[in-house]
Amino acid sequence: MTLDKARQLLETQVSFGGGYNRNGAKLIITDVIREHGQEAADRLIRELRLDELFGFQPGAAP
């Protein structure tokens with residue numbers, strides 16, 4: 001998955017919010033970590049405010 005595609009999917013998860021969407025976002029971030037590394041995932045977490053919305057912490061797998 002490209003980072004642009006991951007960003008698009010995460011934006012969809014953020015727009016819906018809720019527990020089920022947190023799980024979806026977690027799967028996407030995990031995939032980003034596997035394919036692009038923790039640094040890329042941390043950038044997406046900060047950019048999309050996933051730390052505030054879903055409790056994801058940069059530097060740690062969700």
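Residues are numbered from 1 along each chain as its sequence is written. In this predicted model, local features need pLDDT of at least 70 and side-chain atom pairs count only at pLDDT 80 or more, totals for chains, interfaces and linings use all residues, and side-chain values use heavy atoms, with hydrogens and water left out.

**View 1. Helix α1 packs against helix α2.** Helices here are DSSP runs (H or I, at least four residues), numbered from the N terminus. The pair consists of α1, residues 3-16, and α2, residues 19-36, with axes 9 Å apart and an angle of about 165°. That angle makes α1 roughly antiparallel to α2 (over 145 degrees counts as roughly antiparallel). Axes are lines fitted to C-alpha atoms over the stretch in contact, and angles run from 0 to 180 degrees between N-to-C directions. The α1 and α2 crossing is left-handed, meaning that the near helix is turned anticlockwise from the far one by less than a right angle.

**View 2. The residues where α1 and α2 meet.** From α1 come Leu3, Ala6, Leu9, Leu10, Gln13 and Phe16; from α2 come Asn21, Gly24, Ala25, Ile28, Ile29, Val32 and His36. Contact means heavy atoms within 4.5 Å. Sorted by class, this contact of α1 with α2 has 9 nonpolar, 4 polar and no charged residues. Ala, Val, Leu, Ile, Met, Phe, Trp, Tyr, Cys and Pro count as nonpolar, Asp, Glu, Lys and Arg as charged, and the others, Gly among them, as polar.

**View 3. A closer look at Gln13 in helix α1.** Gln13 is buried, with a relative accessible area of 16% (buried means under 20%, exposed over 50% and partly exposed in between, with a 1.4 Å probe and protein chains only). Leaving out residues up to four places away in sequence, Gln13 touches Asn21, Gly24, Ala25, Ile28 and Phe54. Gln13 and Ala25 are 12 residues apart in sequence, and their C-alpha atoms are 6.2 Å apart in space.

**View 4. Helix α3 beside α1.** The axes of α1 and α3 come within 11 Å and cross at roughly 35°, and this crossing is right-handed. Here Leu3, Ala6, Arg7 and Leu10 of α1 meet Ala40, Arg43, Leu44 and Glu47 of α3. The contact of α1 with α3 divides into 5 nonpolar, no polar and 3 charged residues. Within α3, Ala40, Ala41, Asp42, Leu44 and Ile45 are buried, and their cover includes α1, α2 and α4.

**View 5. The largest nonpolar core and Val32.** A nonpolar core is a set of buried Ala, Val, Leu, Ile, Met, Phe, Trp, Tyr and Cys residues joined through side-chain atoms within 4.5 Å. The largest one has 14 residues, of which Leu10, Ile29, Val32, Leu44, Leu50 and Phe56 touch the most other members. Helices α1, α2, α3 (38-47) and α4 (50-54) each supply at least two residues of this core. Setting aside neighbours within four places in sequence, Val32 is in contact with Leu3, Ala6, Gly37, Ala40, Ala41 and Leu44.

**View 6. Arg49 and Gly19.** Arg49 is found in the loop between α3 and α4, where its phi is near 60°, a positive value in a residue other than glycine. Arg49 is partly exposed, with a relative accessible area of 42%. Gly19, in helix α2, counts as exposed at 51% relative accessibility. Gly19 and Phe54 are 35 residues apart in sequence and 8.4 Å apart in space, C-alpha to C-alpha.

Terms used
Angles under 35 degrees count as roughly parallel, over 145 as roughly antiparallel, 65 to 115 as roughly perpendicular and the rest as oblique.
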